[in-house]
Amino acid sequence: MKLLIADDSAIIRMAIERSLANEGVEIVGVAPNGKVAMELFEACTPDAVTMDITMPEMNGLECIERIIKARPQVKILVITALTTESVALQALKLGARSVLTKPFTSDSLRAAYLEMISV
């Protein structure tokens with residue numbers, strides 16, 4: 001499974017990489033903002049994306065909308081500190097498969113990722 005990681009926090013990006021290292025994941029791109037995420041998405045054609053919501057240059061909701069419009073089969077796991085129900089519902093309505101709130105544990109991330117790719 002080819003994975004693109006989009007999060008403005010280097011610590012979170014590294015935590016995602018470490019947590020999913022043994023899950024058969026090939027990290028094809030790591031983006032610090034929404035604009036780079038879209039560039040990498042087009043260049044790397046990932047099967048799955050972990051997406052933060054609050055990022056500079058383009059937020060995660062706009063990225064989700066663009067990604068799903070381009071390739072509806074891509075599986076998106078939103079990983080965000082925004083815990084409001086409206087943001088989560090909006091992400092799911094736009095096409096995200098699942099939402100995980102920060103802070104997360106390696107176990108909760110792996111479980112959310114495995115659930116997302118099985119849908």
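The following questions and answers walk through a predicted model of one chain.

Visitor: What kind of model is this, and which pLDDT do local features need?
Guide: Residues are numbered from 1 along each chain as its sequence is written, and side-chain values use heavy atoms, with hydrogens and water left out. The model is predicted: totals for chains, interfaces and linings use all residues, side-chain atom pairs count only at pLDDT 80 or more, and local features need pLDDT of at least 70.

Visitor: Which pattern does the chain follow along the sequence?
Guide: Helices (H or I, at least four residues) and strands (E, at least two) are DSSP runs, numbered from the N terminus. The chain has five helices and five strands. Read along the sequence, the pattern is β-α-β-α-β-α-β-α-β-α.

Visitor: What is the radius of gyration of the chain?
Guide: The radius of gyration is taken over C-alpha atoms, and the globule rule is 2.2 Å times the number of residues to the power 0.38. For 119 residues that rule gives 14 Å, and the value for the chain is close to it, so the chain is as compact as a globular protein of that length. The radius of gyration is 12 Å.

Visitor: How much of the chain counts as buried?
Guide: Buried means under 20% relative accessible area, exposed over 50%, and partly exposed in between (1.4 Å probe, protein chains only). Of the 119 residues, the buried share is 45%.

Visitor: Which strand runs parallel to β4 and is joined to it by four bridges?
Guide: Two strands pair if DSSP finds at least two bridges between them. Strand β4 covers residues 75–80 and has a parallel partner joined by four bridges. The partner is β5.

Visitor: Is S98 buried or exposed?
Guide: S98 lies in strand β5, residues 98–101. Leaving out residues up to four places away in sequence, S98 touches I76, L77, V78 and L92, where contact means heavy atoms within 4.5 Å. Because its relative accessible area is 12%, S98 is buried.

Visitor: What is the relative accessible area of L100?
Guide: L100 is found in strand β5. Not counting residues up to four places away in sequence, L100 touches L77, V78, I79, T80, S108, L109 and A112. L100 counts as buried, with a relative accessible area of 12%.

Visitor: Which residue of β4 stands opposite M51?
Guide: M51 is one of the buried residues of β3, where A48 and T50 on one side and V49 and M51 on the other are all buried. β3 is joined by four bridges to β1 (residues 2–6), in parallel, and there M51 is the bridge partner of A6. β3 also pairs with β4 in the parallel sense over four bridges. The residue opposite M51 in β4 is V78.

Visitor: Is E57 buried or exposed?
Guide: E57 sits in the loop between β3 (48–51) and α3 (60–70). Setting aside residues up to four places away in sequence, E57 touches N33 and K35. Because its relative accessibility is 62%, E57 counts as exposed.
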